[in-house]
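Good morning, and thank you for coming.

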Amino acid sequence: MKMLINVAETVVTDALRGMAAAHPELVVDAENRVIVRRDAPVAEKVALVSGGGSGHEPLHGGFVGPGMLDAACPGEVFTSPVPDQMVRAAAAVDSGHGVLFLVKNYTGDVLNFQMAAELAEDEGVQVASVLIDDDVAVTDSTFTAGRRGTGATLFVEKIAGAAAEEGMPLERVEALARQVVASSRSFGVALSACTTPAKGSPTFDLPPGELELGVGIHGEPGRERRAMMTSHEIADFAVDAILEDLDPKLPVLVLVNGMGATPLLELYGFNAEVRRVLDERGVAVARTLVGNYVTSLDMAGCSVTLCQVDGELLRLWDAPVQTAGLRWGR
């Protein structure tokens, strides 16, 4: 498999060096694997820290900046960051008003963020944590006890980030993040497997002419494999899977997310089908975002995330944001 890299061993470090060169508004510590907004710590503001394995870009480092995260900790490809990274990040962004860890539900991430919270609190940093577990495809998977954390991570980081930017206290920012998690559900589909730099070949076998319904963002197995389906049919399956678990009484945010190798031409076409299904099911759409935000290296495919929002959540979603991967209103 051809890749635009030097060697597999330095792919994350090289990417961080490139990010530093492109984004002077960030402090990128490639050696210690921490990305921090340059104006941190921001006075009288709750700080948000997240992180996870590399390979899902722009998640998480691409969401560091005003209106979202204060810091992110990238691990090796598809590998959790270590507690030292998280403690270093928390110390760099803590203004004395507390730090909120936003954690996708994968066993390594959960354990390492828990350990980091204990270590940070030993150093006098007040820490709260919110677990993100929005994937309805399966319960318990290759790297997970319970549901996996996927596309809703974007909604949590954006809405909680806006609340923190407004100066809300830690308890309120945490409560809003939990509300977003409880209000969000996701479902992913793979048209091809992804290829990690270390392996150099597909991470799982998906025969030509088949797709994986309910795939995870590391290529974890989903609900079932079927012969290739049309965009119309995939939208019916994915949205219905979500609505079986989420009965929105309020309008929803819609994320149609590419897995890394699916062109925007196809994603926008798929979004048309998602909107058709939601209209047929009587679900009102408040806002829609289409693009590659929570990816899986070079996997072809997509995911759908719905989050039902009240007036406050919608206002916080619309609030200004300025990051490498998401920006509006500034």
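This is a predicted model: local features need pLDDT of at least 70, side-chain atom pairs count only at pLDDT 80 or more; totals for chains, interfaces and linings use all residues.

**The enclosed space**

Fourteen residues, written 14 from here on, line the largest cavity, and Thr150, Gly188, Ile217, Met259 and Ser303 lie nearest its centre. Residues are numbered from 1 along each chain as its sequence is written, and side-chain values use heavy atoms, with hydrogens and water left out.

A cavity here is a set of points on a 1 Å grid over the protein atoms alone where a 1.4 Å probe fits but cannot get out, and lining residues have an atom within 4 Å of a point. The largest cavity holds about 70 Å³ of space, the volume being that filled by probe spheres set on the points, which are joined across faces, edges and corners. Strand S7 (184-190) and strand S12 (301-308) are the elements that give two or more residues to this lining; strands are DSSP runs of E, at least two residues, and helices runs of H or I, at least four, numbered from the N terminus. S7 gives the most, with three residues.

**Gln308**

Strand S12 also holds Gln308. Is Gln308 buried or exposed? Gln308 is buried, with a relative accessible area of 16%, where buried means under 20%, exposed over 50% and partly exposed in between, with a 1.4 Å probe and protein chains only. A polar atom of the Gln308 side chain lies 3.4 Å from the backbone nitrogen of Leu250.

**The nonpolar cores**

In soluble globular proteins, nonpolar side chains tend to be buried together. A nonpolar core is a set of buried Ala, Val, Leu, Ile, Met, Phe, Trp, Tyr and Cys residues joined through side-chain atoms within 4.5 Å. The largest has 64 residues, and Leu48, Leu100 and Leu102 have the most contacts inside it. Helix H4 (residues 152-165) gives the most to this core, with nine residues. Apart from it lies another core of 30 residues, among them Phe187 and Val304.

**The backbone**

Most residues other than glycine have a negative phi, and most peptide bonds are trans. A cis peptide bond joins Ala40 and Pro41, with omega about -5°, and the bond from Glu57 to Pro58 is also cis, with omega near 15°. Arg33, not a glycine, has a positive phi of about 60°, and Arg33 is buried at 13% relative accessible area.

Methods
On a 1 Å grid over the protein atoms alone, a cavity is a set of points where a 1.4 Å probe fits but cannot get out, and a pocket is an open set with protein on both sides within 12 Å along at least five of seven lines; lining residues have an atom within 4 Å of a point. A polar contact is a pair of N or O atoms within 3.5 Å; within protein, one must be able to donate a hydrogen and the other to accept it, and residues adjacent in sequence count only if both atoms are side-chain atoms.
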